[in-house]
Amino acid sequence: MVSKIELSKRQERILEIVKENGPITGEHIAEKLNLTRATLRPDLAILTMAGYLDARPRVGYFYTGKTGTQLLTDKMKKLVVKDYQSMPVVIHENVSVYDAIVTIFLEDVGTLFVTDDNHHLAGVLSRKDLLRASLGKQELSTLPVNIIMTRMPNITMCKKEDLLIDVAKKLIDVQIDAVPVVKETNSGFEVIGRLTKTNITKAFVALADQGE
């Protein structure tokens, strides 16, 4: 369930007045409520910042017609990766599967990003990849991760300017837990962060809490 912004009775009454009479000036709203313009200023500011009302100079306030859910959706569509990404855990493609298993548990992450000698993204390694490799009869301390990792160009990734909601859709569509945040260079992609399901969940929960 999406959190709903709780309005005071006076704010709800202001919305009703604007719905019925808008566009209407702050002075006229104050007259209808038998209050001063200064008294209403905080309420009008809250309703405008929340997106319920819009204001135009020399015209007045008018009702946007948006519900609390629609306003929350609008805000979700403005969240970008760079504000919520976390530090990536990166290993070299020649690292052994055994060392990768140790790293993934010591760092407490679900995904490792693998780079080549030029520090460019070469692959992605998930817990499932490591578990699958450990169930075989191969010697993990000598098996390099580049043998079992998902390779370019079959890697789902994102850039820091991407919308959070678009990356969330990618995670769902591809059924993965994390993507590397990359910066494109002339010779490849540099890993500058990671975005996980946990990052996205925290962002959406924080956004919903703002409306409580």
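## Overall build

The protein has eight helices and eight strands. Helices (H or I, at least four residues) and strands (E, at least two) are DSSP runs, numbered from the N terminus. The radius of gyration is 25 Å, well over the 17 Å that the globule rule gives for 212 residues, so the protein is more spread out than a compact globule. That radius is taken over C-alpha atoms, and the rule is 2.2 Å times the number of residues to the power 0.38. Along its principal axes the C-alpha trace spans about 80 × 35 × 25 Å.

This is a predicted model: local features need pLDDT of at least 70, side-chain atom pairs count only at pLDDT 80 or more, and totals for chains, interfaces and linings use all residues. Residues are numbered from 1 along each chain as its sequence is written, and side-chain values use heavy atoms, with hydrogens and water left out.

## Burial and exposed loops

Of the 212 residues, 40% count as buried. Buried means under 20% relative accessible area, exposed over 50%, and partly exposed in between (1.4 Å probe, protein chains only).

Asparagine 118 sits in the loop between strand 4 (111-115) and strand 5 (121-126). Its relative accessible area is 56%, so asparagine 118 is exposed. Asparagine 34 lies in the loop between helix 2 and helix 3 (37-50). Asparagine 34 is exposed, at 71%, and its phi is near 55°, a positive value in a residue other than glycine.

## Two cis bonds

The peptide bond from glycine 22 to proline 23 is cis, with omega near -5°. Proline 23 is in the loop between helix 1 (9-21) and helix 2 (26-33). The bond from methionine 152 to proline 153 is also cis, with omega near 5°. Proline 153 is in the loop between strand 6 (150-151) and helix 7 (164-174).

## The largest pocket

The largest pocket holds about 410 Å³ of space. On a 1 Å grid over the protein atoms alone, a pocket is an open set of points where a 1.4 Å probe fits, with protein on both sides within 12 Å along at least five of seven lines; lining residues have an atom within 4 Å of a point. Of the 17 lining residues, the closest to the pocket centre are Ser126, Asp129, Gln175, Ile176 and Asp177. Helix 6 gives the most to this lining, with four residues.

Glutamine 175 belongs to the loop between helix 7 and strand 7 (178-184). Its phi is near 60°, a positive value in a residue other than glycine.

How values were computed: Grid points are joined across faces, edges and corners, and a volume is the space filled by probe spheres set on the points.
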